[in-house]
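Notes follow in the order I looked things up.

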Amino acid sequence: MGYLDAQAGDGGRTAFRRAEKKYKLYKQSTTHKHSSCRSRMEIPVTDLSQVIDFERIRDGDGVTRLDHSDFPVYALEGHTGFFFIPRAVPHDQQFHWIREALTVFPEPPNRTSHSAHYGPLFGLWSSATKKRVLSPTGPENGDLFVRKWEFADPGDERKQEGVVSATALLRKLRWATLGVQFDWSKRAYDISIPYRSFPPALSELATKLASPAMNGDQFRAEAAIVNFFGPDDMLGGHIDDMEADWSKPIVSISLGCKAIFLLGGETRDDPPVAMFLRSGDCVLMAGPSRRCFHGVPRIFTGCKESDLPDFSALAMGEIKENVAILDYIQQSRININIRQVF
Ligand code: OGA
Ligand code: MN
């Protein structure tokens with residue numbers, strides 16, 4: 001949570017960190033790019049042969065298919081409480097949730113990765129599509145906490161230097177929170193922070209998807225972190241330990257470009273298993289798996305590698321907004337991570 005780009009900082013001493021290094025995206029540094037020097041560093045080829053692919057599951061992969069009435073659910077040997085539901089969200093619903101994640105979820109009172117710096121920002125998505133820029137309102141010399149920012153059309157008279165565009169802010173958006181808001185400084189959920197109740201349709205979906213991990217109880221979606229990943233982003237290994245009841249699953253929905261997910265053990269010394277996460281896949285972490293390190297070391301944004309479903313039919317009819325959404329998601333991954341907090 002809020003640890004995109006986080007590094008374990010152990011320099012590869014733990015099994016988890018070694019796996020992150022194995023799978024992370026390596027890029028040729030610019031100094032080497034055009035060099036004819038023979039000793040230039042080669043980009044390591046990532047060995048993906050150990051990555052579990054739930055679309056091509058074979059016997060002996062340590063995976064068991066459960067008898068669940070509505071949809072296929074897989075369990076992982078040695079990881080009690082972990083469940084994988086391939087393509088849990090149907091194709092057309094995926095695009096719906098991508099649209100919600102971009103156009104609705106970052107709106108105040110929901111907090112985002114920009115809130116601490118800018119305060120509430122209204123209309124991030126619509127301002128980006130209209131090429132608007134951020135401009136200060138209120139007292140000129142007020143400090144950052146009282147000064148409010150809003151998006152405005154770039155006027156001729158405004159100095160363009162140093163102006164932050166909505167497009168740049170959208171590209172830099174890393175997370176937004178839904179439902180009960182989280183206070184990062186206190187590392188706790190805080191019901192005194194104004195919040196909008198959890199989106200009912202998403203809550204319904206989460207309750208349905210959580211059922212394999214609920215032993216007959218009903219999951220209550222109370223909060224979610226929506227993570228936005230660009231081509232170079234990763235999510236460092238972590239444990240989500242801020243919720244009161246760890247027996248309740250975390251319901252984690254993937255949208256957009258394919259990624260590698262690492263599921264480790266209770267310490268970073270336990271070697272993690274790697275698996276692909278594709279658009280529409282859902283992961284449940286409940287019971288003992290709720291206490292396990294996990295992370296996302298790699299996003300695949302290339303046309304061939306991203307395994308992005310063909311949403312182009314949905315962007316037909318020149319609906320401008322859909323075209324912009326399609327543009328965004330071709331280079332991005334969105335993760336909706338839903339929790340029962342209380
Ligand atoms: C998280 C998380 C996993 C993912 O946000 O806590 O673990 O698939 N996300 O992005
Ligand atoms: Mn997590």
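**Ring pairs**

I began with the aromatic pairs, counting rings whose centres lie within 6.5 Å, and by this rule there are nine of them. I keep in mind that this is a predicted model.

Buried or exposed? Both F82 and F261 come out buried.

Next I took F95 and F311. Here the centres are 5.4 Å apart with the planes at 50°, so I log the pair as tilted. This pair, too, links distant parts of the chain. F95 is in helix α3 (residues 91–103), while F311 is in the loop between β15 (294–300) and α8 (320–329), 216 residues apart. I looked up accessibility as well: F95 has a relative accessible area of 2% and is buried, because the cut-off is under 20%. F311 has 2% relative accessibility and also counts as buried.

I also found a cluster, in which ring pairs link F54, Y74 and F84.

**More on F311**

What does F311 touch beyond its neighbours within four places in sequence? I get H91, Q94, F95, I98, S279 and L326. I also took a C-alpha distance: F311 and N322 are 11 residues apart along the chain, and their C-alpha atoms are separated by 9.4 Å.

**Charges over rings**

**A surface patch**

I turned to the surface and found a nonpolar patch formed by I191, Y195 and F342, with about 330 Å² of accessible area together. I followed up on F342, which lies in the segment after β16 (333–339).

**H79**

I looked up H79 in the loop between β2 (73–76) and β3. H79 has a relative accessible area of 13%, so I have it down as buried. Leaving out residues up to four places away in sequence, H79 touches L263, G264, V273 and S289.

Where is the cis peptide bond? I find it from P108 to P109, with omega near 10°. P109 is in the loop between α3 and α4 (115–118).

Then I went through positive phi values in residues other than glycine. R87 has phi near 45° and sits in the loop between β3 and α3. At 30% relative accessibility, R87 is partly exposed. R187 has a positive phi of about 45°, though it is not a glycine. I place R187 in the loop between β7 (182–183) and β8 (188–189), and at 44% relative accessibility R187 counts as partly exposed.

Key: Residues numbered from 1 in each chain as written. Chains lettered and ligands numbered in written order. Predicted model: local features only at pLDDT ≥ 70, side-chain atom pairs only at ≥ 80, totals over all residues. Heavy atoms only, no water. Phe/Tyr/Trp six-rings, centres within 6.5 Å; stacked < 30°, edge-to-face > 60°. Buried < 20%, exposed > 50% of the residue type's maximum accessible area, 1.4 Å probe, protein only. Helix = DSSP H or I, 4+ residues; strand = E, 2+ residues; numbered from the N terminus. Patch = residues over 30% accessible without salt bridge, like charges linked within 9 Å, V, L, I, M, F, W, Y side chains within 5 Å. Areas by Shrake-Rupley, 256 points an atom, 1.4 Å probe, with all protein chains shown as cover. Salt bridge = Lys/Arg side-chain N within 4 Å of Asp/Glu carboxyl O. Contact = heavy atoms within 4.5 Å.
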